[in-house]
Amino acid sequence: MRLLYFAWVRERIGRAGETLELPSEIRTVAELVTWLRARGPEYAEAFARPDLVRAAINQQHVKPDTPISGAREIAFFPPVTGG
Amino acid sequence: MSVRVQAEDFDVGREIAALTAGRTDIGAIVTFTGTVRGEAKGRAIASMTLEHYPGMTEAELERVEADAHARWPLDATRIIHRYGEMKPGDNIVLVVAASRHRQAAFEAAEYLMDYLKSRAPFWKKETAADGSGQWVDARETDEAALLRWSPKVPSAKVNG
């Protein structure tokens, strides 16, 4: 699975993206966040406040309970601040 | 679709001219330009850097633009959003809405900005004079601004 990180999520994890083999029992975005948090202190810091991290699947905004089946690309980022 | 995401600056007059060239059906053109403020929370800003999500940014801006066209009788629209490093006073974003009458153009320009601010994947980082950087926090007022637009169009619904 292709994962992308932006803004302070990217800075805390220390990379802009990576391709990871996800366990098949991960069904939703929230479950993926829980799994990522256990990968190391940099992930734990990035996802310390999951309510402050937004997600997109295949470049569309999604909610934590959205299933990840069919995802090619999942991105995590802070609430957007453009405009 | 008339959406551009670019590092380069834009010229408001040139964009209006390009949008209206050869057309006599348009009676009202509203533009909004967002610029970099030199101060944030009492702190002087040396520069602002905008990061974005290439691909999704364009897709979100096109969705917002399509929603505006579904809600108002618009003859033409343009959205330009810059990324990269900018200085205080520099242009960040341009929205142009053109219609036969002013009400649709005014309302659509405001709608485009409200949705763009809450949906388009951009993130601002401010750099102070001493070189320290700070990510700009999202404002709850930006999300609240969406509530005044009734969910008339399914694709305009909040889904994130």
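## Stop one: a helix in chain B

Select B:Asp114 and you land in helix 3 of chain B. One thing to keep in mind on the way: what you are looking at is a predicted model. Is B:Asp114 buried or exposed? With a relative accessible area of 12%, B:Asp114 is buried, because anything under 20% gets that label.

Setting aside neighbours within four places in sequence, B:Asp114 is in contact with B:Ala145, B:Leu146, B:Arg148 and B:Trp149. Try the distance tool on B:Leu146: B:Asp114 and B:Leu146 sit 32 residues apart in sequence, yet their C-alpha atoms are 6.3 Å apart in space.

## Stop two: where the chains meet

Next, colour the two chains separately and look at where they touch. How many residues of chain B are in contact with chain A? The count is 29 residues of chain B, against 21 residues of chain A. Together the two chains bury about 2100 Å², with 55% of that on carbon and sulfur atoms. Highlight B:Tyr53, B:Trp123 and B:Trp135: these supply 31% of the area that chain B buries against chain A, more than any other three residues.

The rule finds 2 salt bridges across the interface of chain B and chain A. To see a salt bridge, show the side chains of B:Lys125 and A:Glu11, which meet at 2.5 Å, N to O.

Which parts of chain B do the touching? Strand 4 (43-52), helix 2 (56-71), strand 7 (91-99), helix 3 (102-119) and strand 8 (122-128) of chain B each bring at least two residues to the side that touches chain A. Helix 3 of chain B gives the largest share, 5 residues. Sort that side of chain B by type and you get 15 nonpolar, 6 polar and 8 charged residues.

## Stop three: a lysine with contacts in both chains

Pick B:Lys124, in strand 8 of chain B. B:Lys124 counts as buried, because its relative accessibility is 10%. Leave out neighbours within four places in sequence, and B:Lys124 is in contact with A:Thr81, A:Gly82 and A:Gly83 from chain A, as well as chain B residues including B:Met48, B:Lys117 and B:Trp135.

Time to look inside. In soluble globular proteins, nonpolar side chains tend to be buried together. The largest nonpolar core here has 34 residues, and those with the most contacts inside it are A:Leu36, A:Phe47, A:Phe76, A:Phe77 and B:Tyr53. Several elements of chain A give two or more residues to this core, including helix 1 (7-13), helix 2 (29-37) and strand 5 (73-77).

Zoom in on A:Phe76. Beyond its neighbours within four places in sequence, A:Phe76 is in contact with residues including A:Leu4, A:Val33, A:Leu36 and A:Phe47. Apart from this core lies another one, of 31 residues, among them B:Ala28, B:Leu50, B:Ile79 and B:Ala120.

## Stop five: an arginine and a serine

Go to B:Arg82, in strand 5 (residues 74-82) of chain B. B:Arg82 counts as buried, at 8% relative accessibility. A polar atom of the B:Arg82 side chain lies 3.1 Å from the backbone oxygen of B:Glu8.

Then jump to B:Ser2, in the segment before strand 1 (3-6) of chain B. B:Ser2 is buried as well, with a relative accessible area of 14%. Which side chain does the side chain of B:Ser2 make a polar contact with? The partner is B:Arg78, at 2.8 Å.

Most residues other than glycine have a negative phi. Now select A:Ala7, in helix 1 of chain A: its phi is positive, about 55 degrees, although A:Ala7 is not a glycine. A:Ala7 is buried, with a relative accessible area of 0%.

Finish at B:Lys41, in the loop between strand 3 (39-40) and strand 4 of chain B. B:Lys41 also has a positive phi, about 50 degrees, although it is not a glycine. Is B:Lys41 buried or exposed? B:Lys41 is exposed, because its relative accessible area is 79%.

Key:
Residues are numbered from 1 along each chain as its sequence is written. Chains are lettered from A and ligands numbered from 1 in the order in which they are written. This is a predicted model: local features need pLDDT of at least 70, side-chain atom pairs count only at pLDDT 80 or more; totals for chains, interfaces and linings use all residues. Side-chain values use heavy atoms; hydrogens and water are left out. Contact means heavy atoms within 4.5 Å. Buried area is the accessible area (1.4 Å probe) that two parts lose on being put together, summed over both. A salt bridge is a side-chain nitrogen of Lys or Arg within 4 Å of a carboxyl oxygen of Asp or Glu. Helices (H or I, at least four residues) and strands (E, at least two) are DSSP runs, numbered from the N terminus. Ala, Val, Leu, Ile, Met, Phe, Trp, Tyr, Cys and Pro count as nonpolar, Asp, Glu, Lys and Arg as charged, and the others, Gly among them, as polar. Buried means under 20% relative accessible area, exposed over 50%, partly exposed in between (1.4 Å probe, protein chains only). A nonpolar core is a set of buried Ala, Val, Leu, Ile, Met, Phe, Trp, Tyr and Cys residues joined through side-chain atoms within 4.5 Å. A polar contact is a pair of N or O atoms within 3.5 Å; within protein, one must be able to donate a hydrogen and the other to accept it, and residues adjacent in sequence count only if both atoms are side-chain atoms.
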